[in-house]
Structures are given as structure tokens and as C-alpha cells.
Amino acid sequence: MWTPPKNIFLPSRRFIEKPSMSLMGEDSLMLSAGGAAAAATVTFAASETQNATNPYTHNVDIGSVANRKIVVWCGTSGGSGATGATATVAGDAMTEVHALVGADFNEVLLFERDAVTATGLQDIVITWGSSTEVSAMSVWEVEGASTTEPTGDNLMSSSANPPSGTIDVPAGGVCISGCFYSNCNSATWAGLTERHDDDTGQHVGTGASDAFADAQSGMTITSTPDTSSQRTLVAAAWASA
């Protein structure tokens, strides 16, 4: 029988593990199986509320990933009317994803822009269509998500007391939600993990997000204020690319 010489290594068997799940960062989720593509991830970057003059320039850290989707939520109240808003990130126009107007002209919107390469401190400019007394804003980095805008059951909005509704999240997708309150000091979330809760003494801008390995059908999201107030909430879910 032939015996292999010393110092010559024979190939070993390679074991390929089943798909695994690992958390990355504070609210990111990644699926991997050998060389399989990762699911979408979402990372909360920053939030800010200003009592200033329209338009509002929020100079915040939008994160460090070189090429990703940026999602911005914004909210306002007390204007002469609710006539929409526009948003830019690092000088580039963003696309409106979802919007809702509630009581007391409380108005909230979600915006997105794909393939953003700017990192670090950047200007996010929110221009409201009517006069306002406050502007709340938050920003998320989303990697590995589809460039197709959410529609139908992948969107949710509510001005109920408390704001609540259901949304579908595709497997490997992410969900982001924001709520604006008047005459409130804080809020708590169910269904998504709270990422910020900014109080100006009268108004609160608050947001939540998560990534999901498994598909979520009719997932309930609720934001509950500490006191009775005017409130408006929107949410959107993105599929993985």
C-alpha cells in the first residue's frame, strides 16, 4: 500500500453550515450561508429637533457606509396648514415614500435616497410647504435593500390614540417608523425597537426600527405617548435587494 510522504497534506472535507443569523450594530440583522448575499440591514444614525425658521438645516452625522440608502423621517406641527415638504441630503433631492397629516396640522413624512456616498457630518434640509414652528428629523442608513419604493401593505400610517397599525415586512427586510406629538413629553414603542425620543418641552419626535430575518405579516406597531396629545405616525418596510 502506498503511504503519502511526510509533510504532504491531503485535502480535508469542507462542511457548509446552514444559513445563520447574526446581529450587526444596534438594529441590523444579517443572514449568511456560505457565499450567499446578506439580507438588508438598518442602522439609526442621528436625530434632531429644531425650533427655528423654515427651511430647517439639520447638520448631523449620517454614518460611515460608503454606498447605501439613506432614509429620513421628519415631523412638524402648528403651521398655517399642512401642504407637504421636500428634503435633501448632502445637497441631493430625496424621494417621498409616505406621508400623513393629523390633528393640529401635525404632519409626518418618510423620504429615501439610494446610492448615497456622502458620510459623516452632512446637511439634511427639510423645507415645509407651509409656515411651521418646529421641525423634527431622524436619519437611518440602510444597506442591501431594494431600490423599489414600499407600497400597499408595506406602508402604514395612523393618527389614532395611541397611533397604531399593521404592516407587512418581507423576509430579510427592514422597517422604519416615526411619530410626531404635540403636548407630549415622551413616548414608548411596541413592535419595533425605539431609537430616539427627542423632547422640546412641548413637541416630541420619536422613531423606531428593526431588521427581520423572517417575513412579518400584519405586524402591529404602536407608539404610546405619556400624555394625551395630537399625534401622527408613518412606517415603511423595505425588501432586501
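1. The chain averages a pLDDT of 85, and 83% of the residues score at least 70; pLDDT is the predictor's confidence in each residue, from 0 to 100. This is a predicted model, where local features need pLDDT of at least 70 and side-chain atom pairs count only at pLDDT 80 or more, while totals for chains, interfaces and linings use all residues. Residues are numbered from 1 along each chain as its sequence is written, and side-chain values use heavy atoms, with hydrogens and water left out.

2. Go carefully with residues 1–26: pLDDT stays under 50 there, and the model gives them 19 contacts beyond four places in sequence (contact means heavy atoms within 4.5 Å). Residues 28–37 are also below 50.

3. Now look for the open sheet of five strands, ordered S12-S19-S14-S17-S16 with antiparallel pairing. Strands are DSSP runs of E, at least two residues, numbered from the N terminus, and two of them pair if DSSP finds at least two bridges between them. The edge strands, S12 (155–158) and S16 (193–199), each pair on one side only.

4. Inside that sheet, nine bridges join S14 (residues 174–182) to S17 (residues 203–211). One to find for yourself: Gly178 has Gly207 in S17 as its bridge partner.

5. Which residues touch the most other members of the largest nonpolar core? They are Trp73, Leu110, Ile176 and Trp238, out of 22 residues. Such a core is a set of buried Ala, Val, Leu, Ile, Met, Phe, Trp, Tyr and Cys residues joined through side-chain atoms within 4.5 Å, where buried means under 20% relative accessible area (1.4 Å probe, protein chains only). Among the contacts of Ile176 are Val42, Leu110, Trp140 and Trp238.

Technical notes. Helix = DSSP H or I, 4+ residues; strand = E, 2+ residues; numbered from the N terminus. Buried < 20%, exposed > 50% of the residue type's maximum accessible area, 1.4 Å probe, protein only.
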